[in-house]
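Dear colleague,

Please find the structure below, handed over for your use.

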Amino acid sequence: MPRVLVTGPASWNTTIRLPALPEPRSATVFATATHDGLGGTSAGKALTLAALGVDVTLRTVLGDDEHASRVRAALDHPRLTLHAEDAADGRTERHVNVLADDGSRLSVYLALPTPARATDPVPGDVRTLLDGSAAAVVDLADHSRPVLAAARAAGVPVWCDVHDDDGAATGYAHPFALAADVLLVSADRLADPAAYLDEAVRRGARLAVCTAGASGALARDADGWWDVPVAPVDDVVDADGAGDAFLAGLLHAVLDGLPHPAALARASACGALAVGTPGVGAAAATPEAVAALAARVDVRAR
């Protein structure tokens, strides 16, 4: 399996679970659960890829505080190489994530680090990381933005997860969406997901996918449209990070040479395994488990 570069956030988060998100007024609410642990969309993707047997390099920004030590320990995996830029203020990224039973989420940033050295133009060591990579997963972060052009120049396919992008040309995620060879987006803020995916393919993406939680996903490639059902799940334990696992499963399948329908089935299976286990990264996503569950996902042409 070829090597992959993932660049973007890794954080140490406090997660609070509530039956519903609080209304915008003064109130007292009781959490149903809370825990501290690894967070960050790039950390989740990197760990899931490693669990699937992919050699992955995670490029991120970490401080020199106690939270950085916890992040490093949580990312310890024989297939994962951590390439951490120093944070200018010494602080590691931190959030408080409030998650409701219906899947809605409120994320409060406690710290957002910037690299101590300039990242534009991309440092030479980043070009070294791209050399020999089969794909670059470039997640939403200021320090990731210059990697978009560097990956293109190196001939490395760019994979972008733009989360809840609303499609506006002035939005933060827009340059990432424009640069993506493979694009993943959530339906949360899209008025017309099909139009968004169609436009992505028309401008050059070879595959564009919109996830819609329990409703599955819609995908578009040069051959047409694909309806992707949700893989069967016995119990939803933690839906946070399901999209990261979905992309990791999709990338693993594409690197494995699978056609898009079979790759999308594997992505759905990987997402399902993620929601069935707590924490970031699909720890249960072994190649065998993903393949067995993917066999139960019937991806159909629309």
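**Findings in the predicted model**

Arginine 145 sits over the face of tyrosine 172, at 4.7 Å from the ring centre. Please keep in mind that the model is a predicted one.

Tyrosine 172 also takes part in an aromatic pair. The count of such pairs comes to one: tyrosine 172 and phenylalanine 176 are stacked, with 6.1 Å from centre to centre and 25 degrees between the planes. The planes count as stacked because their angle is under 30 degrees. As to accessibility, tyrosine 172 has a relative accessible area of 39% and is therefore partly exposed, whereas phenylalanine 176, at 0%, is buried.

Strand S6 (residues 94-100) and strand S7 (residues 105-111) run antiparallel and are joined by six bridges. Within this pairing, histidine 95 has tyrosine 109 of S7 as its bridge partner. The two strands form a hairpin with four residues between them. In the turn, glycine 103 has a positive phi of about 95 degrees.

Yours sincerely

Terms used. Residues are numbered from 1 along each chain as its sequence is written. This is a predicted model: local features need pLDDT of at least 70, side-chain atom pairs count only at pLDDT 80 or more; totals for chains, interfaces and linings use all residues. Side-chain values use heavy atoms; hydrogens and water are left out. Two strands pair if DSSP finds at least two bridges between them. Rings of Phe, Tyr and Trp (its six-membered ring) pair if their centres lie within 6.5 Å; planes under 30 degrees apart count as stacked, over 60 as edge-to-face and the rest as tilted. Buried means under 20% relative accessible area, exposed over 50%, partly exposed in between (1.4 Å probe, protein chains only). A charge sits over a ring if NZ of Lys or CZ of Arg is within 6 Å of the ring centre and within 35 degrees of the ring normal.
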